Amino acid sequence: MILDIKAEIVSIYEKTTRGNNFEVTGIILKIQDQEYYVEAVGVHSSICNGFQNGNPVRCKIKWYSNQDKRDPNKYWNNINLIEMNADLKKPAEMVIDPPSVMDDPNNDLPF
């Protein structure tokens with residue numbers, strides 16, 4: 001099942017390596033005043049690059065269950081972040097560089 005959600009980034013953890021050298025990035029998302037921990041795994045582990053705490057985002061979360069091979073009454077749930085984009089309807093605060101010489105209307109440079 002794929003869930004499409006709007007959230008706010010609370011915290012992004014450092015990328016770690018697990019098992020057979022696959023990378024994992026943990027992230028805490030705030031959804032409707034509740035915080036949830038999800039992981040971006042493998043090829044998705046760099047999804048969080050460029051984002052900061054407090055950024056509003058739209059995410060796709062893949063949620064799936066696997067039955068335990070040793071115990072048919074037990075299941076393992078995985079909740080993985082597979083896509084994340086800035087939520088343009090609620091843009092994050094942007095840092096604007098100070099004006100340059102080129103922005104000065106009294107600048108008489110020919111270029």
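Trainee: What should I keep in mind before I start?

Mentor: Because the model is predicted, local features need pLDDT of at least 70 and side-chain atom pairs count only at pLDDT 80 or more, while totals for chains, interfaces and linings use all residues. Residues are numbered from 1 along each chain as its sequence is written, and side-chain values use heavy atoms, without hydrogens or water.

Trainee: Which residues line the largest pocket?

Mentor: A pocket is an open set of points on a 1 Å grid over the protein atoms alone, where a 1.4 Å probe fits, with protein on both sides within 12 Å along at least five of seven lines; lining residues have an atom within 4 Å of a point. Here they are Leu3, Ile5, Leu29, Ile31, Tyr36, Tyr37, Val38, Ile61 and Ile79.

Trainee: Which strand gives the most to that lining?

Mentor: Strands are DSSP runs of E, at least two residues, numbered from the N terminus. In this model β4 gives the most, with 3 residues.

Trainee: How many aromatic pairs does the structure hold?

Mentor: Rings of Phe, Tyr and Trp (its six-membered ring) pair if their centres lie within 6.5 Å; planes under 30 degrees apart are stacked, over 60 edge-to-face, the rest tilted. There is 1 aromatic pair. The ring centres of Tyr13 and Tyr37 are 6.1 Å apart with planes at 65°, so the pair is edge-to-face. Tyr13 lies in the loop between β1 and β2 (16-18) and Tyr37 in strand β4, so the pair ties together parts 24 residues apart in sequence.

Trainee: Where does the charged end of Lys62 sit?

Mentor: A charge sits over a ring if NZ of Lys or CZ of Arg is within 6 Å of the ring centre and within 35 degrees of the ring normal. The charged end of Lys62 is over the ring of Tyr64, 5.2 Å from its centre.

How values were computed
Helix = DSSP H or I, 4+ residues; strand = E, 2+ residues; numbered from the N terminus.
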